[in-house]
Amino acid sequence: MSERRVRAFVESLRRNRRPERFEAKPGDVDEMRAAIELTSSRPGATLPNSEFVNDLHRALAEQLDNETSTPANVTALSRRAVIGGIGAVAAAAAAGVIVDRELLHSSTTPKVATSQELVPDEGVWEPVAAASEVASGQVVRFTTASTVGFVVNDDGRLSAISGVCTHQGCLLRHNEAEGKLDCPCHRASFSLDGKVLQHQFPGTLPALPHIQVREHDGQIEINDARTV
Amino acid sequence: MGDDPPRHSSAAVPGDEPGEKPPHLHSVDADSYSGWREIYLDNVERLYRIIYSHVGNRADAEDLTSEVFQAALKPMRVSASVGEVRAYLLATARTVLAGHWRRYYGLEVTAIDLEKERERMDEPQSESDAPERVSLLLDALPDRYAQILRLRFLESCTLKEAARAMNISVGNAKVLQHRALQRAAAPQGGEA
């Protein structure tokens, strides 16, 4: 009876475990679907484990970076199903995706150091706050068309750091009480000069990049990417 | 088009050396991606979130997310607006998910609605609509149905604990849960 199998399916989901496979009947689908909806509605349930994200990143790097490739290799790859991928890729192509630029070209990928100063190729000084708003001891969050960050006035010394967590790009929150920046996604936190204070991941987490900042005509300005 | 595409080189990049973390900071505001790493880092969480909400467990969500990236990144040559890359990933995910259900359960239990999920792909990663969705789902149910589902799924009670909390037998709790799930699925109109 599939009723028993459905019950086992639901119980597995409830425990966040992989359910056993079985031949489902059309009448089973509603219950299975509702269980999926409920388990994925639990707070935090749909966030990927950082270990999984890092492992997959490394596995993809091994596959993609090692394919140095001769044109023949590339052709062979595009013709071969990769874990059932051909059908998927064909479907995506059928969905109307325009394809004309090689994205696997690592040599054109900007090399991003693990911690550095953010200096755009084409920068422009962009006002982000009035100088009067950033008094001594103040931390002010700013956003521009291309950057999110914090300006810090440490006893008259201005600095600016990125407001994007170096783990997976979540936006950091200023924890005023503890004088640090917290990531709402995976509990990393950074000092106001960008150093990593704590994180839960294996290995190291890059510090927050610094952003060039200056006071000019009563405005706090950052060296921001030109957006036009 | 027509020209030989640039091939990726095997030059060392940050993140390849043992012990070094991959570069997680990337230009999310750009109109396009510069390479597969950026595509991956910007989309892995978005895609995982959508896939998880269609399979409801971590192991399958991880397997299918891996499958999507392995299938989509290798042949990807894109004129590269961020939107087009995400649409491509999502279309790949839809096919991978459909294959998963057919292969292991013989029919499609959930399907990715490209239009609806395309919007979710663009949502900021730190935001979650889980509390709203679960409230909507439970509010639409009779009290006892909502209560058993809340106890079992959100408060992780065993059947015995849920039965005790509701002052019913374990057998009744089992039946109540079964009916509540069927009822919960009904208003969704056929697609999770």
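Buried, in these legends, means under 20% relative accessible area, with exposed meaning over 50% and partly exposed in between (1.4 Å probe, protein chains only). This is a predicted model, in which local features need pLDDT of at least 70, side-chain atom pairs count only at pLDDT 80 or more, and totals for chains, interfaces and linings use all residues. Residues are numbered from 1 along each chain as its sequence is written, chains are lettered from A and ligands numbered from 1 in the order in which they are written, and side-chain values use heavy atoms, leaving out hydrogens and water.

**View 1. Chain A as a whole, with its 5 helices and 12 strands.** Helices (H or I, at least four residues) and strands (E, at least two) are DSSP runs, numbered from the N terminus. Of the 228 residues in chain A, 46% are buried. The accessible surface of this chain is about 11400 Å², and carbon and sulfur atoms hold 48% of that area; such areas come from the Shrake-Rupley method with a 1.4 Å probe, and for residues only the protein chains shown count as cover. A contact means heavy atoms within 4.5 Å. Among the contacts in chain A with a separation of 6 or more, 45% are between residues 24 or more positions apart.

**View 2. Confidence along chain A, including residues 68-115.** The pLDDT is the predictor's confidence in each residue, from 0 to 100. Chain A averages 75, and 73% of its residues score at least 70. Across residues 68-115 of chain A the pLDDT is below 50, although this stretch has 100 contacts in the model beyond near neighbours in sequence. Please look at such a stretch with some care: where pLDDT is low, the predicted coordinates should not be read in detail.

**View 3. An aromatic cluster of A:Phe9, A:Phe22, B:Trp101 and B:Tyr105.** Rings of Phe, Tyr and Trp (its six-membered ring) pair if their centres lie within 6.5 Å; planes under 30 degrees apart count as stacked, over 60 as edge-to-face and the rest as tilted. The structure holds 7 aromatic pairs over all chains. In one of them, A:Phe9 and A:Phe22 are edge-to-face because their planes meet at 70°, with ring centres 6.4 Å apart. This pair links distant parts of the chain, 13 residues apart: A:Phe9 sits in helix 1 (residues 2-14) of chain A, and A:Phe22 in the loop between helix 1 and helix 2. B:Trp101 and B:Tyr105 make a tilted pair, 5.2 Å centre to centre with 55° between the planes. These two lie 4 residues apart in helix 3 (residues 82-105) of chain B, so about one helical turn separates them.

**View 4. Helix 2 (residues 29-39) of chain A, a mostly covered element.** Of the 11 residues in this helix, 10 are buried, among them A:Val29, A:Met32, A:Ile36 and A:Leu38. A:Arg33 is also part of helix 2, and it counts as buried because its relative accessibility is 8%. The C-alpha atom of A:Arg33 is 9.4 Å from that of A:Val10, a residue 23 places away along the chain.

**View 5. The largest nonpolar core, with 73 residues.** A nonpolar core is a set of buried Ala, Val, Leu, Ile, Met, Phe, Trp, Tyr and Cys residues joined through side-chain atoms within 4.5 Å. B:Leu89 and B:Leu149 touch the most other members of this core. Helix 1 (residues 36-55) of chain B gives the largest share, 11 residues. Not counting residues up to four places away in sequence, B:Leu149 touches partners including A:Leu38, B:Leu138, B:Leu154 and B:Leu181.

**View 6. A:Ala160 in strand 5 (residues 157-162) of chain A.** A:Ala160 is buried, at 1% relative accessibility. Leaving aside neighbours within four places in sequence, A:Ala160 has contacts that include A:Phe142, A:Phe150, A:Pro209 and A:Ile222. Its C-alpha atom is separated by 9.5 Å from that of A:Arg141, 19 residues apart along the chain.

**View 7. A:Cys183, a cysteine in no disulfide.** A disulfide is a pair of cysteine sulfur atoms within 2.5 Å, and the structure holds 0 of them over all chains. For A:Cys183, the nearest cysteine sulfur is that of A:Cys165, 3.8 Å away. A:Cys183 is buried, at 7% relative accessibility.
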